[in-house]
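Hi,

Here is the model I promised to pass on.

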Amino acid sequence: MCKSSAMESKVTSKTSSLKALLLRAWRERWSDLQWGINIKTILPRGVSGDVHNLADCILQQALVGPGPNELVLSYLKHSLCSQLVSYAAVLQRISKYDAFHKPHCIASLLEFLEMIHVGITCRGKPEEDLLAAACLSIVHWLLQCYYYALTKVPQAPPLAPQPSELMDKPAYLLKELLASDFICAMLYSAKHDNKDLYIYIVKKCQEIEKEQQKSNTKCSIPIEDSLKKLCNLEIENIVSKFVKVDAEPITYCLQPLLAVQNLVNPSTETSIYISQLHMIQRLKNYSNARLYCEVIRACMMCLHDVTGSLKESHWGGFTVLKLPQILKELHASTLSGENESFEYSQDVLDAFELLLRYTPLLDKMDIIWAGNSVQFLLNELQKVNLVTEKQTIQISSRRDGLLTPLQKFDPEKSIRTVIMRAEPTLAGFLKTLNAEYTKIQDALLSIFFQVLSGNSFELMLSVATVEGKLKIFVSRLIKFNEFSKQVGEVPGKTPTTRALLFEISFLMLCSIVQTYGPEIVLEEGGDSFFEQWVRDCMPLKDKPKSPYKMLQNLDTTKVDMLLSQITSGDSDLKSSNTNWQVSCQSAMGVAKELLYAWESGVLSAADVKRALNGLRAASFCLPVCAAAWLCAYMSITHQESLLKPANMVQQFISPIANDEMQDNYKERSSFMFQIIRKMQYDYSLPSQTKTKVLTVSHSITSKYPILEQLQQIWQGIYQRGWINIQATQSLESLLKTGGPLWFVSNLVKELLKIQYQEELDRSLDLIFAILHLDIENSTLDLINNVLPQYLYNSLQGKKLIEPQSSALAKLCVYCIFSSLEYSNNSPQQTNSRKRARKDIDPDDMDIGMPAAKLLRLNEAIDANSMFSSSSPQAQGTSNGQKSIVLRDPLLSALNGLFTNFNFLAGRNGEVSQHTHFILQFLQLTVLCGKDRARLVLQKMPQTLVPSLLKALPEFFTTDLLLRLYDVQTIMGRKAIARDLCMLRNIQLKPTK
């Protein structure tokens, strides 16, 4: 109790001493220099007058009468210049003066503000938290002065300041204050801290606007712009020097991105494409029209690339069916909730204006589509209300004069016509599959035979894929496959019909799983025979199976029975009530028995050939099962023992005698051949030919080193400026062979070899798209392993020079934002080729700093996070959409990245290529990330930006500092004030 009273008396005595000194100074008419000398007797060096309300004491004494005491006011100016009082304290005290009926005092305070406003800043830690609020308060006070002069002082005494003078000064000061980026930034920060006061400011602005319309008093300095700016205190409005990313003239990343995404997951949902395209739009600063044009152009380039290949039907379906849906969703995302219905999109029309400039590409597409490709595409867009019929005619007519040489092509055979016909065929097929099994067996069998003819099955799959119906297609096929394997014969139906339905549905399902992968088309944990067989027995190129485990639950009596049937020549299983599930499992046991008997010499090659032909004659699904076991066996056996099982697999795909061509025998056998060849291709050595490496799309066996293969493929992509489908498949194979770390590391090396800016930009976009083969793991390896090597390894660090340094920083930023979108919009099941990631031992990477230092840095980051987990920026702005959240492992990787940055930047203001790289990274994060930037920067330590500010102040701007932090949180606002004042003080220093 005694201590607290002693402290109060001490403070009171200091304040009383200050007031007494002021009275003495006024009585003795001290100059401001004398005041400065005598004040030190009360406030020794290092003690702030703010603690003892010095500014309040001086202003009370200066404004006690009807007129201001200019001598006392000079003491305040001297105290401010000598840093005895802070700008925050002075502004806050002036803003509390409400004696507007004293025009002389008001005019004097306005003149005082006019003298000091240029140097407003803060020079000490306690002031940082107060200056923003003081700036907001003084703006409110100036508006009050203006309003009072406008409304309350219509006629002033002759010697008093006229209303126009009392209006000119506040208007001038507001104009000057709002012309300062520093003051505007402080106001923006204070707006979020004191929301009630900002609401009063907006109301006062509105009141002034209304009164101005009524009043005859005119102000020589217009205040309208200042009022408008105060009512719209947003970063985009208050900062004039924000540098926007100019949209590049040529786009290189969209076509490779679509090619890669369609390889990784051909049945990607439309929402995933929308998310990716919005991400590209943010990174590249594209307009809507430019984005739509580039998407259309990318689809056309991919379709032209695959013309005449097996992928043509898929890209034809994507361009005709999926593209209009993507453009529709993109356009819908730009509309507000009130205007969700639309008749057409102006952005789409503008996109076609841009597209018409690509004459060579459109000429190629006219040949592929055997007609006006622009008209065909517009017709599809017309169905989704993106263009009107009149607009379609008007735009497509601009291509009519170029179509004369194309009349000889048959439109009926174009991929567009074929796809359009396949769409209703798929719908009818799915409807048939949804009917009751017992009633449609014969009809379904005839439909199966039609589907097997030509390329109807591939076309239906392509349409099902792009329309998102692939899983429905597969699930209904599995249902019929389950019904067909039953032993109980349906009355009136022959066992042959049931056998053929089982065989064809089984072959179709095998082909689909081989093409798309089980994760894409099958439900997790499915209990049907086919799903269990795929999980346990079907060998895939990235999912090998154990040949011993495949035969674990085999019934040997059934194997012997099947073996005796095919060796005795009695292989007509279709006409008997065979359990096809058991037969498929037994076929694998038969393959094992035949192989072991051949290897031991019990059977001759002719005997084995005859038995295999008998197995093939029984049903085409049995050789597939047998080949699956043989391929799995070959994957684990040694080189010398490969010949016999390889010959057995080859026997299954040897030509068949022509006398057995019934029940679409040729089509069914061709289907079986394709499936077994795919297994053979995945698990056996490629043929020794003189063809280039690129002819092997996914086989990991080659006589060339994988680095040489990667460099060869990259050179082709780099020279073309786009990526073809074959190169995409080869890159995926190399990624699986070498792993993400090897893949990313070598692509970065190729990037840093390039010296010219235009070529760097092109290569950067291409590599960014290629990394989407596994964007999550590629990003993690890029920032966890590859980037630290360039930051800490002195030999590799020499490559961090311009323009390569900026390109690497941009690649990191691009990948981080793309990985963020991936983790929020692509559930694990979306990426069928997602690879398991191995944990990396921290001891494997020596980053050149003591462990204790790392620990302290990590603790500092966790303790001083400037982003609250509950703030809008930490979770990502939603705007009515799904909110974006930063999750592990990307969150941990960014935490480690900023730890490294903080260590490198905190070297006592040292300037190096590392500090420039870190600054470029932060600048690009802000420029490219837009509303996502603060989410990525949430783990940035508090000491990082001040360290960079000391080293490179000339590269920092007010808008950059505002965008680096989360203004919604207290810690973010404190960091903004600290860094803004540091930059302000550096800028105010006189240049030598």
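Below is what turned up, starting with the chain and then going to the rings.

This is a predicted model, so to speak with limits: local features need pLDDT of at least 70, side-chain atom pairs count only at pLDDT 80 or more, and totals for chains, interfaces and linings use all residues. Residues are numbered from 1 along each chain as its sequence is written, and side-chain values use heavy atoms, with hydrogens and water left out.

The protein chain has 48 helices and 0 strands (DSSP runs numbered from the N terminus: H or I of at least four residues for helices, E of at least two for strands). Of its 992 residues, 55% are buried (under 20% relative accessible area, with exposed over 50% and partly exposed in between; 1.4 Å probe, protein chains only).

On to the aromatics: there are 22 pairs (Phe, Tyr or six-membered Trp rings with centres within 6.5 Å; planes under 30 degrees apart are stacked, over 60 edge-to-face, the rest tilted). Phe506 and Phe530 are edge-to-face because their ring centres are 5.7 Å apart and their planes sit at 90°. That pair links distant parts of the chain, with Phe506 in helix α25 (residues 495-516) and Phe530 in helix α27 (residues 529-536), 24 residues apart. Phe506 and Phe530 are both buried. Ring pairs also join them with Phe502, Phe529 and Trp533 in a cluster.

Cheers
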